[in-house]
Amino acid sequence: MFPRSFRAGCVVVIILTSLSACSTQPDPDKPASVLNLDNWKLSVPVVSNSDGHPSEILQPELRHYSSKYLSVAPGRKEVIFQTPAQSAIQPGSEFPRTELREMTDGGQQEAKWSTRTGTHQLVVEQAVTALPTTTPDVIVGQIHNADEFVLIVRLDGKHLYSRTQDGKTDTLNDNYNLKTFFTLKILATEGSISVYYNDELKASHKKNCSSCYFKAGMYLQTNTDSGESPDSIGEVHIRSLEVSHH
């Protein structure tokens with residue numbers, strides 16, 4: 001038997017450890033309870049400082065974060081990404097976004113991988129539910145690198161397609177209807193990138209690039225400075241979001 005004082009000390013340690021573990025769990029009504037956001041950070045179109053830069057929500061704050069830009073759909077296991085046309089713009093961009101950027105180490109480090117080594121995959125089940133009125137163009141998935149986008153998935157009106165940085169375009173759906181869920185898979189391996197729409201291969205491109213990472217969410221291709229209505233929004237609902245690296 002352990003001395004009474006030692007047993008009491010053990011109880012305290014166990015209780016404190018349990019409380020610490022519980023505090024890191026996502027709140028049940030927050031987006032992180034629906035999607036695993038451990039290895040992501042979020043950009044929201046809200047000015048965060050005097051420089052006018054939009055806010056970034058990092059871990060562990062993202063586990064407990066919810067706002068009009070990122071929320072849980074009432075009564076459904078879906079996360080809503082909403083971006084108003086009249087909102088802050090990230091430096092280096094022309095348009096506002098509510099968008100996730102891939103991270104590693106529990107959200108502490110920015111992801112950087114190469115299409116030449118390993119196998120890297122993003123699978124997202126999503127539905128675009130609202131488009132800006134004047135310029136109904138949005139981006140709902142990307143591979144990016146340190147300098148520019150490598151591949152985007154974009155909806156222009158009803159035309160859903162992928163596009164590489166050098167301008168090669170492949171149609172995923174030429175008559176997409178808003179609120180229709182679809183599964184997008186982007187696979188990068190052996191120096192090539194493939195795009196699948198509802199498990200059907202739609203595009204494949206040779207791409208040798210490094211410092212790559214995935215992005216997901218709602219990235220407008222318009223703003224009020226370009227004539228967009230101030231009350232316009234872009235919105236996407238995401239049911240599942242999975243990234244894997246092998």
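How many of the residues of S15 are buried, and why is this strand largely enclosed by the rest of the structure? Before the answer, a few words on the model are needed. This is a predicted model, in which local features need pLDDT of at least 70 and side-chain atom pairs count only at pLDDT 80 or more, while totals for chains, interfaces and linings use all residues. Residues are numbered from 1 along each chain as its sequence is written, and side-chain values use heavy atoms, with hydrogens and water left out.

The chain has 1 helix and 16 strands, where helices (H or I, at least four residues) and strands (E, at least two) are DSSP runs numbered from the N terminus. Of its 246 residues, 47% count as buried; buried here means under 20% relative accessible area, exposed means over 50%, and partly exposed lies in between, with a 1.4 Å probe and protein chains only. The accessible surface of the chain comes to about 12,100 Å², and 49% of this belongs to carbon and sulfur atoms, the areas coming from the Shrake-Rupley method with a 1.4 Å probe. Among the contacts in the chain with a separation of 6 or more, 65% are between residues 24 or more positions apart, a contact being heavy atoms within 4.5 Å.

To return to the opening question, 8 of the 8 residues of S15 are buried, so this strand is largely enclosed by the rest of the structure. Strand S5 (residues 97–104) pairs with S15 in the antiparallel sense over 5 bridges, where two strands pair if DSSP finds at least two bridges between them. In this pairing, leucine 100 has alanine 216 of S15 as its bridge partner. Strand S8 (residues 137–144) also pairs with S15 in the antiparallel sense, over 5 bridges, and here histidine 144 stands opposite tyrosine 213.

S8 and S9 form a hairpin with 4 residues between them, and they pair in the antiparallel sense over 7 bridges. Strand S9 (residues 149–156) is mostly covered, since 6 of its 8 residues are buried. S9 is joined in turn to strand S10 (residues 159–164) by 6 bridges, and the two run antiparallel, with valine 153 standing opposite serine 162 in S10. The hairpin of S9 and S10 has 2 residues between the strands, and in it glycine 157 takes a positive phi near 65 degrees.

Other strands of the chain form an open sheet of 7 strands, with antiparallel pairing and the order S3-S4-S16-S7-S12-S13-S14. Strand S3 (70–72) and strand S14 (200–206) stand at its edges, each with a single partner strand, so one side of each is left without a neighbour in the sheet. Neighbouring strands of this sheet are turned by 25 degrees against each other on average, direction ignored; the axes are lines fitted to C-alpha atoms, for helices over the stretch in contact, and angles run from 0 to 180 degrees between N-to-C directions. Within the sheet, strand S7 (residues 119–130) is joined to strand S16 (residues 233–245) by 10 bridges, the two running antiparallel, and valine 123 has glutamate 242 in S16 as its bridge partner.

A search of the whole structure finds 3 aromatic pairs, where rings of Phe, Tyr and Trp (its six-membered ring) pair if their centres lie within 6.5 Å, and planes under 30 degrees apart count as stacked, over 60 as edge-to-face and the rest as tilted. The rings of tryptophan 113 and phenylalanine 214 have centres 4.9 Å apart and planes at 45 degrees, so this pair is tilted. The pair links distant parts of the chain, 101 residues apart: tryptophan 113 lies in the loop between strand S6 (109–110) and S7, and phenylalanine 214 in strand S15. Both residues of this pair, tryptophan 113 and phenylalanine 214, are buried. For tyrosine 176 and phenylalanine 182, the ring centres are 5.6 Å apart and the planes at 85 degrees, so that pair is edge-to-face.
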